[in-house]
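Me: I'd like to learn how to read contacts, helices and interfaces in a model. Could you take me through them one at a time?

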Amino acid sequence: MPYGPHTASDRERMLAALGLTSVDELFDDIPSAMRASPLDLPPPQPELELAARLDALSRRNRTDLASFLGAGVYRHWSPPAVDQLLLRGEWYTAYTPYQPEVSQGTLQSIYEYESLLAELVDLDVVSASHYDGAAATAEAALMTCRATRRERVLISRGVHPHYRGTVATYFEGGLELQEIPLVADGDAAGTTDLAALERLLADRDRPVAGVIAAQPDFLGLLEPMPRIAELAHAAGALFVAVVEPVSLAVLAPPGAYGADIAAGEGQPLGIAPQYGGPYLGILASTDALVRQIPGRLVGMTTDLDGQRAFVMTMRAREQDIRRDKAASNICTNQALLALAASIYLATIGPHGLRDVAALGASRAADLERALAAAGAPRLHPGPYLNEFAVRVPDAPAVHARLLDRGVLAGLVLADAEPADLSLRDGLLVCATEVTTAAEIDRFAAALATELASVGSGAR
Amino acid sequence: MVPADLRYTSDHEWVRIDGDLATVGITAYAAEQLGDIVFVELPDVGRMLDQFATFGVVESVKAVSDLFAPLGGEVTATNPGLAASPESVNGDPYGDGWMIQLRIADPTQLGELLDAAAYDDLVAAG
Amino acid sequence: MSVTGPRLQPTLFERSRPGRGGGKIPHPPAGALDRIPADARRTSPPALPEMNEPDVVRHYVNLSQLNFAVDTGFYPLGSCTMKFNPKLNEWAARLPGFANLHPLAPDAIAQGTLQLLFELEEALAAISGMRAVTLQPAAGAQGELTGILMIRAYHRDRGDTARTDILVPDSSHGTNPATASMAGFRTITIPSAPDGGVDVEAFKAALGPQTAAVMITNPSTLGLFEARIGELLDAVHAAGALAYMDGANLNAIMGRFKPGEAGFDVMHFNVHKTFSTPHGGGGPGAGPVGVGEALIPYLPSPRVLQVEDGSFRLERDGERPSSIGRLRSFVGNTGVLVRAYAYIRAHGASGLCEVSDDAVLAANYLRQRLSEAYDIPYDRHCKHEFVASAATIKRETGVRTLDIAKRLIDFGYHPPTIYFPLIVEEGMLIEPTETESIETLDAFADTLIAIAAEAHTDPEMVTSAPHTAPVRRLDEATAARQPNLRWRSVPTFEMPCPD
């Protein structure tokens, strides 16, 4: 066994102390009919061989392409200080801080994370984090039902399809989730249809607990968040804003436009894409909702000597005490990722974060021009920050051929939103501070070549 | 020994009767078992309660407990001081730590409550 | 070694000074944000701290030294399986091919990860005797929700809509009833038998046409194997219900008991327990779920599939309409799963069997060593963990389990799990794991015995512990009554920003 310390003589000593001759005797209480068949697994590998195998597997992935893929997970540059600090064993091999006297590192770092995110979202209460943006959004939706004692939630189709899918799974049984359509054409195309929202809110017999919209939305467009907040509140509903944290350096935060709850994905704060996670679910609320917010909260207090210290607080809300009456079954938070995000924010600072957002916007504008010149204009006219959809005839096929040319041309929208025919020819593309002019040129040139052959019918 | 002029439930609530109004709280024993009380969740005024239905929740640092209505009736008042000072449940459980007041719907339900001696016996039995 | 020495640290906000830091990100061109409408723009910048890198590094290095961790010392937390976190796994997860892969990357460029995930599913199925596995749930609790939602879908598909109840033993982890509630079920709690096992008769009496499922932990949260599990599972199935196994204690039974073979219909794995992925101060984890044949149609989507030519792909949306859908964004906590995969491949079958054997042997050895100084409620061999009780010590001296736990800190140990499960008075749940040497076990036992003695000779020393930790016992009441959950900055400063 690779990491175990016990020698044969250690085991003999322990068995002797128990008056036993074989460890099998400790498993005598398993009825013979229930004893396991042999484990069928590949043979163990010494680390040297295993390392080679893992390396070879990792190289079967291709991560060297010029990538313009965002859609909820964004490439950003993380200062090496972040990962080097994260590799300290005191951080990553620690457990949940149930014994605060020996966990002040973790506890203070979570308090700081809560405080940093509170500044970004401009809301007072930030939970110690949830699994990802989708789970955070689902928890936010459930919060609106608990807080208003209503059973119906409206979610814009501008919210990420994975998040909508997740909320739908959490809502099955008793609670009603309804989608708000997007505007089909005109200046507001691709954003939440406010007239439709008003009609959905007007049903007196089915009062709405919460309205959920994203900023920017899944298609990269900026939404009229203050207006959506107004409509929600006028109907007695709470407003949940789904947000992207880097954008909050330059975009108005949820607290400024009347959101009651903010949810979102913290991956862009220096966390690698890792094919799906672990990520960082951001969940924040106004003070009025503090008792409804699920998951861990860390607060400041003092010890017996009057020293400042940090502790998990309001724990009676959590599953281990509240059991079947708990707001949520959540047990872990994403502590290490919250730490990574905090170190990232501390290292690049507020100016740095603003520059990341602004550089992304600048590169995205360059990308827009280059793609339009190559024959792929934007699908929607409204303002965007650093992500937008372009129209490409036969998009799935062009996307595949661009892949062969070393370009990951964003997301094929027909796959992500098959029901929305207006997105049928769409590619969702983004740029960040790591996108280079050379990559943009490569994309545009490859695209121009592909579109020329599509037009001419040649393959 | 608990105050002789009150009535009690086996869930450790106490009731003070004043005409058709009943004031409700939890006993010193319950508060001690819970530890430092940090929050009390109370119903809205006007809510109709059935006898022994849950009317709220009391939360301490490490535990939580439902609160059960000793009698059925309409909630006429809740203690406004508990939001700022939940610790009065520990400090003065029969006075400042009162929780709700209700208008008794059915006086015959009083017969189901324990008197002080019966409650003391219950606690002593463990 | 104890956690002493470094003084407490100011917060980032207190270290911040206007004008500090920078130099990491190039400046954007002028007017980069002009095209963003003014009413969508932020009017005042977020008051994030401005620090230079050396101060950031010192802040986080010093803070880390206030933490106890597996890498610093013994962490016998029952139910958490605080085993060593292999460093190879950290290296593997950080390989650029794994770390930099976007979750929506086309299957063609994700073959390495897809193969790893597929092989991990096969390995977990083999270990558990289950027929199929999903790696999607982000944590054990989410795995539980996945399992219960699949059970709900199964009954609904059969038109069996009257099944409203889920039965759990009173020793269950709090996530079990919380999960049942989230899925819309009523929890019926069944008191345990005096020998610490589930009360099979009581379960049988409660089972009926209204039962959707039972949720059982085996070995139980007391570290005891449920010897009558076969009888219980038969009764569950006879009532038309399904059996869920909480797999938190899998470290005790690898190679000895396969839940799927025994008759469980579904279970979750805690890879951050059994399979060594680091706890990270409270997360991330991952909670894969294994199912028997009957529940395969309901697995979350997308599944990882193998194609005839041997390559791998993700299921497409809508490809399997019976799926319960998704519980989260994207495929799963792949970064965590890479670590679990590496762990399983490092061990193989023989290694994993040895893990369970050693975990169980170490726990029984420790239990034996403590049996005179502490009450040991259940008079039979435990599995990978056991409960000790300070009930007698409390009666004789007034010293409680909480005090003993805090006193352990002074000797360089993390306290065991205390007051869980709730059914043991003044309980301490102790799980040494298989990666602790016999010297560590002996030293820990000696210390606990000494503290028991100290409870008689100098109780005040114990009840006012810890004495050498960075902070003393905390005022948790005020923290909950007047929550201070964020740092209040001074009013925002001007942030001149070259644009």
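Reply: Gladly! Contact means heavy atoms within 4.5 Å. Leaving out residues up to four places away in sequence, C:S464 touches C:R472 and C:R473. This is a predicted model, where local features need pLDDT of at least 70, side-chain atom pairs count only at pLDDT 80 or more, and totals for chains, interfaces and linings use all residues. Residues are numbered from 1 along each chain as its sequence is written, chains are lettered from A, and side-chain values use heavy atoms, without hydrogens and water.

Me: Is C:S464 buried or exposed?

Reply: Buried means under 20% relative accessible area, exposed over 50%, and partly exposed in between (1.4 Å probe, protein chains only). C:S464 has 16%, so it is buried.

Me: How is the span of a helix checked?

Reply: Helices are DSSP runs (H or I, at least four residues), numbered from the N terminus. In α5(A), 18 of 18 residues are buried.

Me: And how is an interface sized?

Reply: The size is often given as the accessible area lost when the parts come together. Buried area uses a 1.4 Å probe and is summed over both parts. Between chain C and chain A it is about 16,800 Å², with carbon and sulfur atoms giving 62%. C:R42, C:R256 and C:L485 supply 5% of the area that chain C buries against chain A, more than any other three residues.

Terms used
Helix = DSSP H or I, 4+ residues; strand = E, 2+ residues; numbered from the N terminus. Buried area = accessible area lost by both parts, 1.4 Å probe.
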